[in-house]
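Biologist: Hi! Could you walk me through this structure in plain words?

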Amino acid sequence: MALVAALADARDLPDGPGRLVALERVAERADAAGDVRSAMDARFALIEAYLLHGERWRLVEPLRRCRAAADRWPALLTDAEAELLARYQRYAVEALLGTPRVGLDQTRLLLDDLAHRVGADGPDAPTVAELRCRIADHLGDEPTARRFFQGWAGTRPGPAGGCPGCAPARRAELLAGWGEWQAARSELRAYDGDAQECTDQPERALVADLLPLLRLGEPEQAAAAHVRAYRRHRRERSAFPYLATHLRFCALGGHLERGLTVLTEQLPRLDRPTDDLAAMEFAAAGALVCGLAEEAGLGDRTVHRPAYVDRPATELEVGTLGALLLGLATDLAGSFDARNGTGHQSGRMAAWLAERPSATAAPLPADDEAADEVGDEAGAHEAGAHEPGADEAGAEADSEREVMALTTDMITSTLDRRGDRYLVDDGGTVVGRWGAAVIQFRRAGERGEVLHTRAMAARRLPTARRAEAYAFCNAWNHDRLLPKAYAHDLDTEIVLAGDVATDLTHGVAPAQLLVLVDAAIATGVAYAEAVADLP
């Protein structure tokens, strides 16, 4: 029982190094006590914590210990846990692609072990083919990558293979890297049903489609795809790996002003990237934007680089920033190549930097005007489709200002415009998750005229910390207007939640509702993050 309690306490700690250390200690104590089940539970929690922090390269050791225990005591894992362990093994193999800190031979052993476990005809055989394909491509062995691609193409992932909706995007990214532009587009159109069930879609597929659209002479569609996808990716930490493609689109599509804006907005995220590969690609794409901006006469612009740890905040000219980004991309590519024993990553980044605009710049639609079905052959920007005239555009702008009674459809339409995922329950409550917050939107009041938003922190506190929870809520309400914070006692644990209620008796315009929803989500997420940071 002491180990169970220690594990519960470790899981209750805020996300961060302290939680990782506590979980590692619980696993070590369980090993010393011979409590295999507690050791397994602690290492599963540790793996989840590493994944949350983008540290897949640290999965290898806890995964190895879990595999050894499961092989020795086959009845230790449930079927669901066995599938989860296989998925963790895939993540550990994929770590090779994200950082040079994982050994190539070590990864190959993990992949060979996974292949042996799933079998040549098992449901996860396509997952093994995918991993072999992507590793070969990472090393620059395109013939081998293409051979394994054939065993992956046209398949659905097995239990360890991840989201079926993302598989076409991963294949399209590979095909685009090989210059197979039309094949990449065809791949993205192949699994629409799966994409509808994926929380990363349609934005991930839109990003994978950006460069193929440019190369195939469809800059209008590419512009609409960029605007719609970036509307979501500009805010999500997990979307950092997609920012390089957004920057490359801006550079190669002739949108250099937009590229500098995106680079300025996203530059702080380079200090804490999701992995080394994403940092390398972001830096190279940013250097490309800076280089082309200088050639276009924008070299006198400055970009704000915020302070980070001991580095002071600075204002950098475009050329200076480009040189810094080029140096970072070159160093990271060199680290990958030293581990891989090839020059492929350095050559790939050099090829990116040598690229030049491939299309005449097409006008970028406003953020709230991007076609909802960009990438669909029946979309508004396909060749021959009708473009809205001035009268239609004016009517659309007027509709944004038209005041009307609040409806559930208005709430869901607003979230659709933001690119958010959500569910609507039988009572008409709209529910979604944003980072550490679960947020509900519903209509309250006698006539449904009140927009009521409730944000609940994903982290919950034990009842022993009731006084601390009340003190936290009092302090929040003293210092901030939104949301109104309170603690909900469930006897076994305490839920920390916050409410925002807006009386819309006289109606609301779509543009106003967007502002209200943006504010509710931003403050709700800030509240949940503050709860997560509690000691």
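Predicted model: local features only at pLDDT ≥ 70, side-chain atom pairs only at ≥ 80, totals over all residues.

Biologist: Great, helices to start with. How do helix 14 and helix 16 pack?

Modeller: Helix 14 covers residues 243–252 and helix 16 covers residues 276–295; their axes are 8 Å apart, at an angle of about 20 degrees. Angles under 35 degrees count as roughly parallel, so helix 14 is roughly parallel to helix 16.

Biologist: And is the crossing left-handed or right-handed?

Modeller: Helix 14 and helix 16 cross in a left-handed way.

Biologist: Which residues meet there?

Modeller: From helix 14, they include Leu243, Leu247 and Arg248, and among their counterparts in helix 16 are Glu281, Phe282 and Leu292. Sorted by class, the contact of helix 14 with helix 16 has 10 nonpolar, one polar and two charged residues.

Biologist: Nice. Switching to strands: how many bridges join strand 6 to strand 9?

Modeller: Seven, and strand 6 (residues 450–457) and strand 9 (residues 493–503) run antiparallel. To find a spot on screen, look for His452, which sits opposite Ala501 in strand 9.

Biologist: What about strand 8 and strand 9?

Modeller: Those two are antiparallel as well, with six bridges between strand 8 (residues 484–489) and strand 9. Lys484 faces Asp499 of strand 9. Strand 8 and strand 9 form a hairpin with three residues between the strands, and there Asp491 has a positive phi near 75 degrees.

Biologist: Where else is there a positive phi?

Modeller: Val309 has one of about 55 degrees, although Val309 is not a glycine. You'll find Val309 in the loop between strand 1 (302–305) and strand 2 (314–317). As background, most residues other than glycine have a negative phi, and most peptide bonds are trans.

Biologist: Which peptide bond is cis, then?

Modeller: The one from Leu482 to Pro483, with omega near -15 degrees. Pro483 belongs to the loop between helix 21 (466–479) and strand 8.

Biologist: Last topic, rings! How many aromatic pairs are there?

Modeller: The count is nine aromatic pairs, with centres within 6.5 Å as the rule. One of them is Tyr88 with Tyr91, a tilted pair at 6.3 Å centre to centre and 45 degrees between the planes.

Biologist: Where do Tyr88 and Tyr91 lie?

Modeller: Both are in helix 5 (residues 79–98), three residues apart, which is about one turn of the helix.

Terms used
Residues numbered from 1 in each chain as written. Heavy atoms only, no water. Axes fitted to C-alpha atoms, helices over the stretch in contact; angles between N-to-C directions. Helix = DSSP H or I, 4+ residues; strand = E, 2+ residues; numbered from the N terminus. Parallel < 35°, antiparallel > 145°, perpendicular 65-115°, else oblique. Left-handed = near helix turned anticlockwise from the far one by under 90°. Contact = heavy atoms within 4.5 Å. Nonpolar A, V, L, I, M, F, W, Y, C, P; charged D, E, K, R; others polar. Pairing = 2+ DSSP bridges. Phe/Tyr/Trp six-rings, centres within 6.5 Å; stacked < 30°, edge-to-face > 60°.
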